Amino acid sequence: QVQLVESGGGLVQPGGSLRLSCAASGTIFRVSAMGWYRQAPGKQREWVASITSTGGITNYVDSVKGRFTISRDNAKNTVYLQMNSLKPEDTAVYYCNKIPGLGSFASWGQGTQVTVSS
């Protein structure tokens, strides 16, 4: 089982940048595709970005394309989300998790709060 700890969130003005980190543990991490998700108050959790197990392929929800970059360092068991040109609508709690495919999610971590406000 993968255990997940997100960090790096905070308060930033529109147009600013943040880099989120997701520290993962578990024997299956390095063979798992990973993703970032976010959930705003009163809204459902949405998928934001994904990266394959070796980092060769990345995908993004349309609303963040060109602004966010997902990456991973398997030697450090860590996944990152570089967020640039942040907008108020990016405000949410951000979570990471494996891409379940035909399997299941790992237990969700605590997430990290990103607030974009002037």
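User: Which relative accessible area counts as buried, and how does threonine 112 count in this predicted model?

Analyst: A residue counts as buried when its relative accessible area is under 20%, as exposed over 50%, and as partly exposed in between. The model is a predicted one. Threonine 112, found in strand E10, has a relative accessibility of 9%, so this residue counts as buried.

User: Which backbone atom lies 2.9 Å from a polar atom of the side chain of threonine 112?

Analyst: Leaving out residues up to four places away in sequence, threonine 112 touches Glu6, Ser7, Gly8, Gly9, Leu20, Ala92, Val93 and Tyr94. One of these residues, Gly9, supplies the atom in question. At 2.9 Å from a polar atom of the threonine 112 side chain lies the backbone nitrogen of glycine 9.

User: Is serine 7 buried, partly exposed or exposed?

Analyst: Serine 7 has its place in strand E1, residues 3–7. Beyond four places in sequence, serine 7 touches Arg19, Leu20, Ser21 and Thr112. Its relative accessibility is 37%, and serine 7 therefore counts as partly exposed.

User: What distance separates the C-alpha atoms of serine 7 and glycine 56?

Analyst: Serine 7 belongs to strand E1. Along the chain, serine 7 and glycine 56 are 49 residues apart. Their C-alpha atoms are separated by 24 Å.

User: Which residues is isoleucine 70 in contact with, leaving aside its neighbours within four places in sequence?

Analyst: In soluble globular proteins, nonpolar side chains tend to be buried together. With neighbours within four places in sequence left aside, the contacts of isoleucine 70 are Met34, Gly35, Trp36, Ala49, Ser50, Ile51, Thr58, Tyr60, Val79, Tyr80 and Leu81.

User: What is the handedness of the disulfide that joins cysteine 22 to cysteine 96?

Analyst: The structure holds one disulfide, which joins cysteine 22 to cysteine 96 with an S to S distance of 1.8 Å. The pair links distant parts of the chain, with cysteine 22 in strand E3 and cysteine 96 in strand E9, 74 residues apart. Because the torsion about the S-S bond is about 60°, the disulfide is right-handed.

User: Which class of aromatic pair do tyrosine 95 and tryptophan 108 form?

Analyst: Four aromatic pairs occur in the structure. Planes over 60 degrees apart count as edge-to-face. The ring centres of tyrosine 95 and tryptophan 108 lie 6.0 Å apart and their planes stand at 80°, so this pair is edge-to-face.

User: Where do tyrosine 95 and tryptophan 108 lie, and how does tryptophan 108 count in accessibility?

Analyst: Tyrosine 95 lies in strand E9 and tryptophan 108 in the loop between E9 and E10, 13 residues apart. Tyrosine 95 is buried, its relative accessible area being 13%. Tryptophan 108 has a relative accessibility of 29%, so it counts as partly exposed.

User: Which residues do ring pairs link into a cluster?

Analyst: Phenylalanine 105, partly exposed at 35% relative accessibility, forms a tilted pair with tryptophan 108, 5.0 Å centre to centre and with 40° between the planes. Tryptophan 108 also pairs with tyrosine 95. The cluster linked by ring pairs consists of Tyr37, Tyr95, Phe105 and Trp108.

User: How far from the ring centre of tryptophan 108 does the charged end of arginine 45 sit?

Analyst: The charged end of arginine 45 sits over the ring of tyrosine 95, at 5.4 Å from the centre of that ring. This charged end also sits over the ring of tryptophan 108. For tryptophan 108, the distance from the ring centre is 3.9 Å.

User: What is the phi of serine 85?

Analyst: Most residues other than glycine have a negative phi. Asparagine 77, in the loop between E7 and E8, has a positive phi near 50°. Serine 85 lies in the loop between E8 and E9 and, at 41% relative accessibility, counts as partly exposed. Although serine 85 is not a glycine, its phi is positive, at about 50°.

Technical notes
Residues numbered from 1 in each chain as written. Predicted model: local features only at pLDDT ≥ 70, side-chain atom pairs only at ≥ 80, totals over all residues. Heavy atoms only, no water. Contact = heavy atoms within 4.5 Å. Disulfide = S-S within 2.5 Å. Helix = DSSP H or I, 4+ residues; strand = E, 2+ residues; numbered from the N terminus. Phe/Tyr/Trp six-rings, centres within 6.5 Å; stacked < 30°, edge-to-face > 60°. Buried < 20%, exposed > 50% of the residue type's maximum accessible area, 1.4 Å probe, protein only. Lys NZ or Arg CZ within 6 Å of the ring centre and 35° of its normal. Polar contact = N/O pair within 3.5 Å; in protein donor to acceptor, adjacent residues only side chain to side chain.
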